[in-house]
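Hi,

Here is the structure I promised to pass on to you.

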Amino acid sequence: MQRSLISAHAATPSILRRYVFTTDHKVIGVQYFFLSLAAVLVGSFLSLLMRIQLVWPKVRIPFRGELKPEDYLALLTMHGTLMVFFVLSTVPQNGFGSYFLPLQLGASETSFPRLNMAGFWITLVSFFVLISAFFVPGGASLAGWTQYAPLSALAAAGPGQGMGTDLWLVSIGLFCLGSVMSAVNFIATTLRKRAPGMRLMRMPLTCWAWFVTAILILLAFSLLFVAAVMLLGDRHAGTSFFIPGGLIVSGRPVDHSGGSPLLWQHLFWFFGHPEVYIAVLPAMGVTSHLLSVFARKPVFGYRAMVGASIAIGALGFMVWGHHMFVSGMNPAAGFAFSTLTTAIAVPSAVKTFNWLGTIYGGRIRFATPMLFSAGFVSLFITGGLTGPLLAQPALDAYVHDTYFVVAHFHLIMAMAGLFAVFAATYFWFPKMFGRMMNERLGALHFWITLLGAYATFMPMHLLGLAGHPRRYSALTGVQYVAAMAPLQKFITVAAIITISGQIVFLVNLFWSLRKGPAADANPWHCTTLEWTLPSPTPAAGFGGREPVVTGSAYEYGDHGAVEDFVMQDAAPKTGASAL
Amino acid sequence: MSTALRLALVLITLACIALFLLHPWWFPVPASAQAPALDHGLKTALWLLGGLFIAGQIVLALFLGLKRSNSSSRHWYGNWRLEIGWTAAIAAIFFWFNVSGGGLWSRMTSADVHSGALRVEVTGVQFQWYFRYPGPDGAFGRVDAPKFARPDEGNPLGLDPGDPAGKDDIVSSTLVLPVDHPVELDLRAQDVIHSVFIPAMRLKQDAVPGMDIRTRFTPTQIGNYELVCSQLCGLGHYRMKATVRVVSEEEFKYWLKSQTAGRENPGMK
């Protein structure tokens, strides 16, 4: 406390120190938010180009002309990488988490503010390194976001497999560094910076989600970093981790031997599956939190929810092999991964039940954050239920690498994940920027996105069941694929409408930043500590005041008082002890 | 807004049901011995999971509309009995489903080699498939791709000219198979990972450079089928395909003979 008083006193540093190179977790959170916004705009634009090229290959793109197959694959690789890393692994965790984890715990600072800042700047550099791959000879990598070796290990394997792939690997290496730094900060902050009375089991479920996710990031991204260094070694330092002997690429023998292509897949998916939960756990946390706020009811089964988050985090490291049923991995291992994958479906289902339990009988306020949270639950059910099918090796073998899988992960990770991000944006915008977003535009945005998400991704299940492989840059190569063109066109039209609909969100966001009605301290009538502060949050956070937590995060409903909620730091009623 | 949201959820659910019931695109005609069992498994899964999908969406729509007019929300923190009950129920459903599917995988991948299975070596090369038959001697000749592969001279796989076992090997760009006869494919790749996908046979298996991966199936219907690549392998991935021609036993023997007759050098026909 002493220190924060001093720093408040020595305040008014330069604008550069306050808004750019800052150790203020709130500003860093906003920086991550806008980085992800840039990434999601680029990523969506790339997917639009892909969808258009796929169904109308003759269309000429301004400044680019007709797109070639390698362009499609470069777009696909960059779309996946931007969305998975710079959107879904960035804004739910480092964006909202950097901003609100300390505040919800009752702290004005994180444990390692400089690490926090370094994490953001490394991530930003990583973003520009990735984008720069579009402008080097050969263009961006065409090996997909999974970068399977030896396609990714050999520069001769295709355009984009030269410098484009090097830049991809460097970018991801940097991203891993930045993420791990931030994760260390999250873990330390959660363990060390909680206000008096904020026991672990009083933390909002958002904090639990950020905490568990940080542990996942620490373990998973460390491993991906190592894998990226190994692959760079194969490409430039003469090592052969992933390249076996006896290869000929483009008519030339490859001077490597002894490596294993499957090793890359094991390393990648040992990162890659926890990555799915890194994206979705914070989204689950936000949804649990918001459903309680807007149903005006306590979270149903708080302890079960915490347990489910931990179970998902732990099991998340034991299921990676389900990406590899037809990879040539021993089929017997398929059984083990299948059963473990089925096991992880159980805590996910428990969460769904508890969300339904939370809204049951509530006096629901259908504000925009609630709409998106309800949309999250709907999409989570839809996308999640194809999981048990994909967990069965025999059934997965048929739909593996088809549009069925594309439908599955877009619904559950991309769409559900983004719905939670939108919900969080509409919900916390007043606290972050001191203004309210427009509710009518918010509702319009919700309707376009909900209907668009279903219209775009539901039909992809049929493509997959009919055997349409993913990552095809044209429909003309194979007869039975060409026959599915009408459905592909429908999907493209749906995608164009859905993505165009996001303009409503952008307009709302930037208009509200300047012109939105001023927000009071607690516009949604929430119990958690960030809402005890004025809107927008003052630079000093809680200032010299240290909140004392007296109750759980979800005291909603009838308490016999005028208000239907009790703040977490409310003075205890007579007779009840605070701690 | 509540009514609109609930209505939308119901309409979305109905549209999804209609999409799957009408299914303008669906599984290809089953043409292998394992296809009917796999189709049964997939359809069972779709009914079971589809049922849970409908139940989930309808319950969500219902709960979003249950209003307690004038009374405040129920101050309800949870219920361990319910919690344990639904956890056990969903675990039972999922694990039953998981275990029931295990047998199929086991049958598809079991290592017992059919004594009479026809062996064909499949090699994926950017962006072409090659199928090699052992010829009358029943033995595959030695291959050393870095040393001998000359696609323009009719030796794309790099058969060693010094190995007598390879003299009668047949290399084809079409996979010709006799009907109702078990086949064992021996999958290899020369450059990057490819994946053999024959939708009509419900067969998919990666071909990984440096590995020798076996997979088995039995075609049951005469006809032509498409074999495609389903693992991203580079810019020609979308057109890396071959034809699978399933013919009668006699026609297959005739084809083999026509391929061997009057050949001096191993290689492409």
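Predicted model: local features only at pLDDT ≥ 70, side-chain atom pairs only at ≥ 80, totals over all residues.

**Chain B overall**

Chain B has 5 helices and 11 strands. Its C-alpha trace spans about 95 × 40 × 35 Å along the principal axes. The radius of gyration is 26 Å, while a compact globule of 269 residues would come out near 18 Å. As for burial, 38% of the 269 residues of chain B count as buried. If you take the contacts in chain B between residues at least 6 apart in sequence, 71% of them join residues at least 24 apart.

**A sheet in chain B**

Chain B has an open sheet of 5 strands with mixed pairing, in the order β4-β10-β9-β6-β7. β4 (175-178) and β7 of chain B are the edge strands, each pairing on one side only. On average, neighbouring strands here are turned by 20° against each other, ignoring direction.

At the β4 end, β4(B) pairs with β10(B) (residues 241-247) in the parallel sense, over 4 bridges. L175(B) has V244(B) as its bridge partner in β10(B). Helix α5 of chain B (residues 249-260) packs on the sheet, where it touches β4 and β10 of chain B. The direction of α5 makes about 135° with that of β4(B).

Now look at β6(B), where 5 of 5 residues are buried. H194(B), V196(B) and I198(B) point one way from the strand, and S195(B) and F197(B) point the other way. β6(B) runs antiparallel to β7(B), with 5 bridges between them, and antiparallel to β9(B), with 2 bridges.

**Where the chains meet**

How many residues of chain B are in contact with chain A? There are 81, and they touch 96 residues of chain A. Among the elements of chain B that give two or more residues to this side are α1 (2-22), α2 (35-65), β6 (194-198), β7 (203-207) and β9 (223-229). α3(B) gives the most, with 15 residues. By class, this side of chain B has 49 nonpolar, 22 polar and 10 charged residues.

**The largest nonpolar core**

This core holds 256 residues, and the members that touch the most others are F376(A), A416(A), F419(A), A423(A) and L227(B). Helix α15 of chain A (residues 403-433) supplies the largest share, 21 residues.

**A loop residue in chain A**

Finally, Q161(A) sits in the loop between α6 (113-132) and α7 (163-192) of chain A. Is Q161(A) buried or exposed? Q161(A) counts as buried because 27 other C-beta atoms lie within 10 Å, and the cut-off for that is 20 or more. Leaving out neighbours within four places in sequence, Q161(A) is in contact with S141(A), L142(A), A143(A), L151(A), L154(A) and A155(A). By contrast, I172(A) is 11 residues away in sequence and 15 Å away in space, C-alpha to C-alpha.

Best wishes

Note on methods
Residues numbered from 1 in each chain as written. Chains lettered and ligands numbered in written order. Core = buried A, V, L, I, M, F, W, Y, C linked by C-beta atoms within 7 Å. Buried ≥ 20, exposed ≤ 12 C-beta atoms within 10 Å, placed from the backbone. Contact = placed C-beta atoms within 7 Å. Nonpolar A, V, L, I, M, F, W, Y, C, P; charged D, E, K, R; others polar. Rg over C-alpha atoms; globule rule 2.2 N^0.38 Å. Pairing = 2+ DSSP bridges. Axes fitted to C-alpha atoms, helices over the stretch in contact; angles between N-to-C directions.
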